[in-house]
2 protein chains.
Amino acid sequence: MNSTSAQDSTAAPSTQGHGCKVALLGFGTVGSSVAKILCEHSVSDIRLTHILNRNVARKKVDWLPSSVQWTENIDDILSSDADIVVEVMGGLQPTEDWIRRVLSSGKSVVTANKQLIARCGPELIILAAQRNQQIHYGASVAGGVPVISGLQSGLAGDELFKICGILNGTCNYILSQMESKGVAFADALREAQKLGFAEADPTEDIDGLDARAKLTILTRVGLHCAVEPETIAVQSISRIEAIDFEYAGQLGCTIRQISWAEISSAGLKTQPQAPQTQAERSSLLAAVGPALVALSSPLARVEGSQNLVVTTGVYGGETVFGGHGAGGHPTAVAVVSDILAIAHSKQAGTSKSAQDLKAPALNTHRVSADYTAKHYLRFFVRDQPGIIACLATILSSCAINIDAVLQKPGCPKTRLPFLITLEECKASLVERALRQVNVLEFMVEPCLHLPIL
Amino acid sequence: MNSTSAQDSTAAPSTQGHGCKVALLGFGTVGSSVAKILCEHSVSDIRLTHILNRNVARKKVDWLPSSVQWTENIDDILSSDADIVVEVMGGLQPTEDWIRRVLSSGKSVVTANKQLIARCGPELIILAAQRNQQIHYGASVAGGVPVISGLQSGLAGDELFKICGILNGTCNYILSQMESKGVAFADALREAQKLGFAEADPTEDIDGLDARAKLTILTRVGLHCAVEPETIAVQSISRIEAIDFEYAGQLGCTIRQISWAEISSAGLKTQPQAPQTQAERSSLLAAVGPALVALSSPLARVEGSQNLVVTTGVYGGETVFGGHGAGGHPTAVAVVSDILAIAHSKQAGTSKSAQDLKAPALNTHRVSADYTAKHYLRFFVRDQPGIIACLATILSSCAINIDAVLQKPGCPKTRLPFLITLEECKASLVERALRQVNVLEFMVEPCLHLPIL
């Protein structure tokens, strides 16, 4: 295996320099994978010099060079000669303070921290620029799937107006287990916890808060919208039951936790539709929650803990990015790619990354979850005559058209499930009707309302 | 819609400069789409200043600013103050000479020319670097699918060892039409030509030369292998018949034109397998041609003229990129993204792109098409007793194990089709056996031999 000189001349600066020194905050699953890649893969002139973790004695490994300095004290990192500090500790505090201090001390930052970037990414980007440093966060969304860099570079020439994806591997694992094995939500969750696909406290994943942070970041980077995570509506997947997969199957669909954001007043359409005037583009539809997706759609075929992002642009149409959304090694690939991007722009003699320069100013939009779509309404009722007539009257009075009614035979009369699908209309219209429906005396529990994408 | 100042400070240089001037060589489908995006989308401080085309009078359009200068003479471009020259004329000559002269005159180049980059990309990259310029070619592979930039940035931190994909929309359109409509190859080709999905002379597409050029480029960028297009084996899709889709369907497969490259001595495996030692990695398996892919695979679900690329890395596993592989607008998105990358690195004050710096030196490998896989052998024979026994004897004498024999009933005895599938073995072993088989007197035509991926 011989090395040709095909590109040696362009690579010159990387061999002249003293190399780029990297400090690692956090030596858990992702941190140790980052260290492993930097050591094994011997990436051009990048050197791991410091590792910070609690209880360092317990963490030390024998496969790292003895030159690596271990510490429990952030001041050791701040006063070191590290050029890039990689934050893979997670959490909001002390992480945010530490990242601010790292940037202020004239070092660049690579982080995988989605909650932190979702909450204060724009501020940290400004702080970094003020100090002639960079902050990269490619690993904060979809782990090893290179969607952030894809939005920042490969699709920079397009005008994206929609991003839709499966951004949480835990929910996808649970829902795809429920689909394939017909098990109940609680059983699928327990199984996921046993296998390490779900946390002991699964709230962040199940209730959509994890995916919401990722969608916030994608919306800023891809749609150039200034959005705060709290303004994005979330719906938990915890109310999905095995019967919902039966009904979804009868509609040629399955159920997935979908995160979507779209600049449009036209609402959520199956057919991508380019916005036509500035006025029409004044609102941002954004939501995270369970939705019906056609079995023929790429979203329905995402298995286990995989992630998938579909972007839609005015010029390029739909583009798909898929891969491992979590796990030490895939996430570490994204971290190391960011380290390389910063190292090479430092070697090229600029403190600005092309990504910083490229990023257009963010636009402010009204955030809404009032999508227009077909709707899936699943009821549990105490059976009695006249239920359908009663529901049909309420829906009709709200100017909502019923598309189909499905009732699985052989179910208990005290908790009888049935399904109504609605023709395309606004979600707010349906919610208004459901406020009347949910108080009816035959309703065993509130209606489950999902969009059909 | 208000603009926040979230990233204004980082974007400062792009508003200081006089902007980046772009000249366009070629005003066909892609060229006019590039001009359209640059005008409509008003990308940050990029200005289209020159357009070169034959017979300019016939080409002029009214939607471009009157300041744009039209010319038929390359010297006008060379002597202009354009910073970036976009080449979307296609062809090898005079294109190559012109690009060399453009780079030598101190301008950077963006090209969508896959044949040119496949043949002399490394040389042009060196020439660009010598002149402190850049050459970008993101549009040369898979149109609007951002796979080149994905390999160069988002996956830079991984060590990729396999790239597999559908890189030719014409073949994919023809094969998916044959699959869904059961039509003959010639009919599907005629239909594709009528709809503009295939050229009048479809050889480049059908015989795999187009996909081979793209695979050459992906292999260099993603696997860092110095490879010449001529060393990659190609097989035409023209011998695929409707009956092959019937047989493939019985095996749970369909047929697609697949391009793949893999660093390994272990051969073509369905299961990704990381190479383990340098010795094992000394050969590059690379081929373009029709192959059986499982219906459950993402490759089987690529519709019409879409493209899909699946990369496999030691650390990140499989990553998927999909989207519109051709067409004016999607290809133009890739071109404009490249223009932006160069413009921003010029604004950042560096002549080196991060991509140039990042690119590791290329390694030289022995190129082989001797993959290890299951095999699909389709025969047309004049029916007579003892054919299967005869074939089984030859295969057995070559130490090849038969997996299954399938024969569709009710076919003409003078051109009787049947199928033998083989257990996993080397392609060269099968080819050796087929040299004995193809001369047997009952063979109506040579056996069609495809890998089962």
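This is a predicted model: local features need pLDDT of at least 70, side-chain atom pairs count only at pLDDT 80 or more; totals for chains, interfaces and linings use all residues.
**Confidence**

Start by colouring chain A by pLDDT. The average over chain A is 89, and 89% of the residues score at least 70. Now select residues 1–17 of chain A, where the pLDDT is below 50. Beyond near neighbours in sequence, this stretch has 45 contacts in the model. For the model as a whole, the scores are ipTM 0.89 and pTM 0.91.

**Domains of chain A**

Domain 1 takes in 12–145 + 329–363, domain 2 covers 147–325, and domain 3 covers 373–452. Keep domain 2 and domain 3 of chain A in view: their centres, taken over C-alpha atoms, are separated by 25 Å. Where they touch, 13 residues of domain 2 are in contact with 13 residues of domain 3. Which elements give two or more residues to the domain 2 side? They are helix H12 (242–250) and strand S11 (283–294) of chain A. Select H12(A) to see the largest share of that side, five residues. By type, the residues on the domain 2 side are eight nonpolar, two polar and three charged.

**A parallel sheet in chain A**

Next, show chain A as a cartoon and find the open sheet of six strands, ordered S3-S2-S1-S4-S5-S6 with parallel pairing. The edges are strand S3 (69–71) and strand S6 (135–136) of chain A; each has a single partner strand, so one side of each is left without a neighbour in the sheet. Three bridges join S2(A) to S3(A), and the two run parallel. Ile51(A) stands opposite Trp70(A) of S3(A). H6(A) lies across strand S5 (108–111) and S6 of chain A, at about 165 degrees to S5(A).

**A buried strand in chain B**

Move to chain B and select strand S11 (residues 253–263). Of its 11 residues, 11 are buried, so S11(B) is largely enclosed by the rest of the structure. Show the side chains. Cys253(B), Ile255(B), Gln257(B), Ser259(B), Ala261(B) and Ile263(B) point one way, while Thr254(B), Arg256(B), Ile258(B), Trp260(B) and Glu262(B) point the other way.

Strand S8 (residues 160–166) of chain B is joined to S11(B) by four bridges, running antiparallel; here Cys164(B) has Trp260(B) as its bridge partner. Strand S12 (residues 283–294) of chain B is also antiparallel to S11(B), with 11 bridges between them. In that pair, Cys253(B) stands opposite Ala294(B).

**Last stop: Gly316(B)**

Select Gly316(B), in the loop between strand S13 (306–313) and strand S14 (317–324) of chain B. Is Gly316(B) buried or exposed? Gly316(B) has 30 other C-beta atoms within 10 Å, so it counts as buried. Leaving aside neighbours within four places in sequence, its contacts in chain A are Gly144(A), Gly323(A), His324(A), His329(A), Pro330(A) and Val333(A). In chain B, Gly316(B) is in contact with Leu155(B) and Asp158(B). To finish, draw a line from Gly316(B) to Arg100(B): they are 216 residues apart in sequence and 37 Å apart in space, C-alpha to C-alpha.

Key. Residues are numbered from 1 along each chain as its sequence is written. Chains are lettered from A and ligands numbered from 1 in the order in which they are written. Domain bounds come from an automatic or database domain assignment. Two residues are in contact if their C-beta atoms, placed from the backbone, lie within 7 Å. Ala, Val, Leu, Ile, Met, Phe, Trp, Tyr, Cys and Pro count as nonpolar, Asp, Glu, Lys and Arg as charged, and the others, Gly among them, as polar. pLDDT is the predictor's confidence in each residue, from 0 to 100. Two strands pair if DSSP finds at least two bridges between them. Axes are lines fitted to C-alpha atoms, for helices over the stretch in contact, and angles run from 0 to 180 degrees between N-to-C directions. A residue is buried if 20 or more other C-beta atoms lie within 10 Å of its own, exposed if 12 or fewer, and partly exposed in between; C-beta atoms are placed from the backbone.
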